[in-house]
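Please look over the model shown here and work through the questions on its helices and strands.

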Amino acid sequence: MNVQVSTSADYTVVCVDGRVDTTNASELEKSMLEVIEGGGTKIILDCSGLNYISSSGLRVFLVIQKKLMLLKGQFRLCSLQPGIKEIFDISGFSSIFSLFADTEAAMNG
Amino acid sequence: MSELERVAAFLDELGEELGLGIPQVLSLNLVLEEALSNIILYGYDDKNQHRIEINFKMEGDQLAISLIDDGQPYDPTLRADPDTTLSVEERPVGGLGIFLIKKIMDKVEYERKSNKNYLILTKNMKP
């Protein structure tokens, strides 16, 4: 897994690449929490390079979503690969997250 | 937990041997990660080394994966499915692992035999 954070005018864009699984989900959680603690409450998670996620990764997504809702922030996910979208559909996550086709759509949405 | 990486590598090889597509291999990887991490995280109340046996059997298009462990008795088939229609606020964090296994595989069977848990997961792998 590789996590990259970049900040634009309105949003913090977090790019997650590779696999998010039981062995590294806590690292993703830590990176995301650091963004929030640094004042970034409008976050776009770019999943274009994310090719595997297990329940421990889904857990992190939900934790961040709950946290940002409490802070009246925004959490938008974009560019989900078909396999990841399928897991989102099965879990009911597609209806509780804001999903966008790409970062541009997520910024303008 | 680091052993999970070996499982991923083994599945890549198995996928190639059986002619499975990448999405199928990733689904199997997910199923095995969920099943194994449950056993590793919750199955044991000691710090001893334990062995988890994983067998793969392909008959026609039917793939059967069995996991055998000597942890505490635990029947995942009895676990209630999460309510996937809840809102973000109501949605509890966690509890998705077994549900994903059940949704991805065609059949999930459990048996407790000679102090061991037997979890048998089957799926038709026809593309």
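The questions below concern a predicted model.

Q: At roughly what angle do the axes of helix H1 and helix H2 of chain B cross, and are the helices roughly parallel or roughly antiparallel?
A: The axes of H1(B), residues 3–18, and H2(B), residues 22–42, come within 10 Å and cross at roughly 150 degrees. Angles over 145 degrees count as roughly antiparallel. The crossing angle therefore makes H1(B) and H2(B) roughly antiparallel.

Q: How many nonpolar, polar and charged residues does the contact of H1(B) with H2(B) have?
A: From H1(B), residues including B:Leu4, B:Val7 and B:Asp12 meet residues of H2(B), among them B:Leu28, B:Asn29 and B:Glu33. By class, the contact of H1(B) with H2(B) has 8 nonpolar, 3 polar and 2 charged residues.

Q: Which elements do the buried residues of helix H3 of chain B pack against?
A: In H3(B), residues 97–104, the buried residues are B:Gly97, B:Ile98, B:Phe99, B:Leu100 and B:Ile101. These buried residues pack against elements of chain A and of chain B. The elements are H2 (55–70) and H3 (82–91) of chain A, with H2, E3 (107–113) and E4 (116–124) of chain B.

Q: Why is strand E5 of chain A largely enclosed by the rest of the structure, and which strands do bridges join to E5(A)?
A: Strand E5(A), residues 74–78, is largely enclosed because 4 of its 5 residues are buried. Parallel to E5(A) runs E3(A), joined by 5 bridges, with A:Ile43 opposite A:Phe75. E6(A) is also parallel to E5(A) and joined by 3 bridges, and A:Arg76 stands opposite A:Ser98. The strands joined to E5(A) are E3(A) and E6(A).

Notes
Residues numbered from 1 in each chain as written. Chains lettered and ligands numbered in written order. Predicted model: local features only at pLDDT ≥ 70, side-chain atom pairs only at ≥ 80, totals over all residues. Axes fitted to C-alpha atoms, helices over the stretch in contact; angles between N-to-C directions. Helix = DSSP H or I, 4+ residues; strand = E, 2+ residues; numbered from the N terminus. Parallel < 35°, antiparallel > 145°, perpendicular 65-115°, else oblique. Contact = placed C-beta atoms within 7 Å. Nonpolar A, V, L, I, M, F, W, Y, C, P; charged D, E, K, R; others polar. Buried ≥ 20, exposed ≤ 12 C-beta atoms within 10 Å, placed from the backbone. Pairing = 2+ DSSP bridges.
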